[in-house]
Amino acid sequence: MTAAPTLDVVAIGNAIVDVLAPSDDAFLAEHALTKGGMQLIDAAMAESLYADMAAGKEVSGGSAANTLAGLAALGKKCAFIGQVCDDQLGAVFTHDVRALGIRYETPAVSSEVPTARCLILVTPDAQRTMNTFLGASQFLPQSAVDMDLIRSASILYLEGYLWDPEQPRAAMRAAIAAAREAGRKVAFTLSDNFVIARHRDDFIDLIDQGMIDILFSNEGEIQSLAQIDDFERAVAAIAARVPVLVSTRSEKGAIAVVDGMRYETLAASVEAVVDTTGAGDLFAAGFLAGHLEGLDVEKCLKLGAAAAAEVISHWGARPERDLLAIRAKTLG
């Protein structure tokens, strides 16, 4: 008999330090960057782009780690698995994630490959253009994944970004198997259209094998996954194959389809959108927190929208206001 879980969520993801700086459309054009997108860059471009950027703000990030930050702020017990190097940014990431009360024990590696960083350019319309150097995070080996830790959590949460490199992809496959054997749920976020373009067959295979219980996406991602250029038809196609499908739609709110039933929520109000970095990550945090508490789907969506609204009201992808107070105000 499998023991009762002692953690709410364990996540595997990129261990990244974000560098955020203001920008404008001219700068993006000058550097041939696609506004609002995410691209992987090498060490040389990371150095060149960093040198050209305006003065920035360094904050720990990474999609799954951001989601755990939100979950921890909502009182959930969490653990993170992700690879850093034994360098300055690695120490920053480790300190930041542990300071949130998140269990983090992945050993840092000593190598010439530095800790990952994401150079985020934020334009006046609050759109963020992300340029990610994966560094050490893409070399997370299966041996670094504590399978007992995986089995100890109610939900295993995986980010699509980390599916791209070979080593962490193998590690996540092993983690999914361990979670499944222990009767735990698996949540997966698609992360970005470029990830889907490269690994769509894998994702569809995981879904069709029943390996994913909760699938997070945005409007463009669900259309890319379904290969249908219509949101409603794409949702219908994928929702029929996964128990819980959640799709965010920016200012149009979000929807969830759970066991064939569709639910919707409006976007939570915010005085000013400052930086959209982490919006989807924090939406997932709010939704999962509600799901863990057994709240109805509409409340899960509202809590996700409220958490997302908090993070887009300031720079950076980690919550700065009291999410428990926001939860109380949102749900009563």
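This is a predicted model: local features need pLDDT of at least 70, side-chain atom pairs count only at pLDDT 80 or more; totals for chains, interfaces and linings use all residues.
**Helix α7**

- Helices (H or I, at least four residues) and strands (E, at least two) are DSSP runs, numbered from the N terminus.
- A kink of about 85 degrees in α7 is centred on H199, where the bend at a residue is the angle between axes fitted to the seven residues ending there and the seven starting there.
- H199 is also one of the buried residues of α7, which include F194, R200 and F203; buried means under 20% relative accessible area, exposed over 50% and partly exposed in between, with a 1.4 Å probe and protein chains only.
- These buried residues pack against β3 (38–40), α6 (166–181), β10 (185–189), β11, α8 (219–226) and α9 (231–239), contact being heavy atoms within 4.5 Å.
- G210, which follows α7, has a positive phi, near 75 degrees.

**Aromatic pairs**

- Rings of Phe, Tyr and Trp (its six-membered ring) pair if their centres lie within 6.5 Å, and planes under 30 degrees apart count as stacked, over 60 as edge-to-face and the rest as tilted.
- By this rule there are nine aromatic pairs.
- The rings of F93 and Y104 have centres 5.7 Å apart and planes at 75 degrees, so this pair is edge-to-face.
- The pair links distant parts of the chain, with F93 in helix α4 (residues 88–99) and Y104 in strand β6 (residues 103–104), eleven residues apart.
- Both F93 and Y104 are buried, and together with F80 they form one aromatic cluster.
- The rings of F216 and F287 are also edge-to-face, because their centres lie 5.8 Å apart and their planes are at 85 degrees.
- This pair links strand β11 (residues 214–218), which holds F216, to helix α10 (residues 279–292), which holds F287, 71 residues apart, and both F216 and F287 are buried.

Definitions and conventions
Residues are numbered from 1 along each chain as its sequence is written. Side-chain values use heavy atoms; hydrogens and water are left out.
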